[in-house]
Amino acid sequence: MSDRPLLLAAFEINAPNLTSQGLWAHPEQTTLQYKDIDHWLDLARLLEDGGFDLLFLADSPGYPVLGGRTPDVTFEQAVEMPTNDPVVLIPAMAAVTRRLGFAVTASTTFEGPYPNARRFATLDHLTRGRIGWNVVTTSSPVVSELHGRDALPPHDVRYDVADEHLELSYRLFEGAWEDGAVLADKAARRFADPRRVHPVHHEGRWFSSHGYFKVEPSPQRTPVLFQAGASERGREFAATHAEVVFLQGRNEETLRRQVEDLHARAQRHGRGPGSLRTLVGLTVVLGRDRDHARTRLEEYLSWVDEGAARAYYASMTGIDLAALDPNGSFSDLKTDGGRTQVERYRGETVARARADFLRFGMREFVLTGSAVDVVDDIERLVAATGIDGFNFTPFVVPGSYEEFCDQVVPELRRRGLLEEYSMRREGSTLREVIFGAGRSRLPADHPAARFRPALQERP
Ligand SMILES: Cc1cc2nc3c(=O)[nH]c(=O)nc-3n(C[C@H](O)[C@H](O)[C@H](O)COP(=O)(O)O)c2cc1C
């Protein structure tokens, strides 16, 4: 087990449903208030006070298409429709919290590097260094049509585009303004030293940008880089760039192998040990005992709408689960859509994969029992796999968080698995929360460091 405390993220989206399609209608669910800023402010306070390190905001610019049309269930069950912009929630939530970090999703296929870097650098200022970027490549062809673009680039090319997007982003975040360029000297009436501000020149295969970056250096410069994508190409991309990686392991053994594989790949890319952290999805349903908790779990699952779950799966992967031979193997499936939700069922029959997804969606480890039972399971899971933390995926908001924070967090702290907040310095950046004090900037062995201006003596 890692000697670091666990990292705790909350998995959310600015929409009525996240991964369990149909749960929006559960009587305890409050996600219909996603349009109300108070919903988000209450959630941010709850997470910070309850022991979470960060709020992770997914984003889904696409929507389901099955057999060439968007099925009615998309609208009837709010399957990725509607979905509001997650970025604009962040400054408001940052204003009512002191330590909670925010990781937000932005696509390298559809967001231009320059405006995206400007937005993230501004967020890093406004949050005082508490911002992370979940880098995604987007696998839904409808997004190309929405943007008036040609067809979505093929799967692996999307990652080539992402590599170049990040290269240009690093030039902007790391290379444009030297430390010390900003003087803000009112007495001398000099804002910045022009010798320390550099125009960026990037002429690549997919992007080009020439000129000055308009945001002065922020506390972290490059936002903390998050990634999820279990395809071969996705894992290479994560090992090159990511600092926090969401893994998709359904059992301890596959998760352990994924953790090992990722660290080995990162090392091959010249990154030191401890250069990235891994998270896996976690759902907790509590009860007096395991049986009672399982009864509560079944009640939540009874709200899942199978037609909506099928449409959601198709939106992510391009695959209609209902059209497959139930006796076929998932290992034989190929897709040019997102592969993570296909890879996770490798080795299983279509019938089993379908049954699982139509019940649990993207959920990974679903733990049931008393708080002590659940923490026993977490302790074992962490020891067996080397995972660094969890992406907590609720059934209902705020109830799932409340019971976790009230009952499970104290038990995790008692066993030394989670840090007391009081021990953590207020004003830490997100990168410091994840990697330790004094680590606000990316380390020298990260590829972004190549784009820092060489330190020159100034007369
Ligand atoms: C926990 C988790 C969260 C994700 N969040 C998003 C998201 O918000 N938006 C998105 O487009 N893809 C999201 N994905 C999908 C992946 O980031 C990835 O882009 C997709 O699976 C395609 O890559 P792949 O073919 O390498 O799997 C998420 C995946 C996981 C496991």
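Trainee: How many of the twelve residues of α10 are buried?
Mentor: Ten of the twelve are buried, so α10 is largely enclosed by the rest of the structure. Buried here denotes 20 or more other C-beta atoms, placed from the backbone, within 10 Å of the residue's own. The model is predicted: local features need pLDDT of at least 70, side-chain atom pairs count only at pLDDT 80 or more, and totals for chains, interfaces and linings use all residues. Residues are numbered from 1 along each chain as its sequence is written.

Trainee: Which residues of α10 are buried?
Mentor: They are A308, A309, R310, A311, Y312, Y313, A314, S315, M316 and T317.

Trainee: And what covers them?
Mentor: The cover includes α2 (72-76), α11 (340-343) and α12 (350-360).

Trainee: What span should α10 have?
Mentor: Helix α10 (residues 306-317) should span 16 Å at 1.5 Å a residue, and its end C-alpha atoms are 16 Å apart, which agrees. The expected span is 1.5 Å times one less than the number of residues.

Trainee: What follows α10?
Mentor: G318 does, with a positive phi near 80 degrees.

Trainee: Changing topic, how many helices and strands does the protein have?
Mentor: It has 15 helices and 13 strands, taken as DSSP runs (H or I, at least four residues, for helices; E, at least two, for strands) numbered from the N terminus.

Trainee: What about the radius of gyration?
Mentor: For 459 residues, a compact globule would have a value near 23 Å; the protein has 22 Å, which agrees. The radius is taken over C-alpha atoms, and the globule rule is 2.2 Å times the number of residues to the power 0.38.

Technical notes. Contact = placed C-beta atoms within 7 Å.
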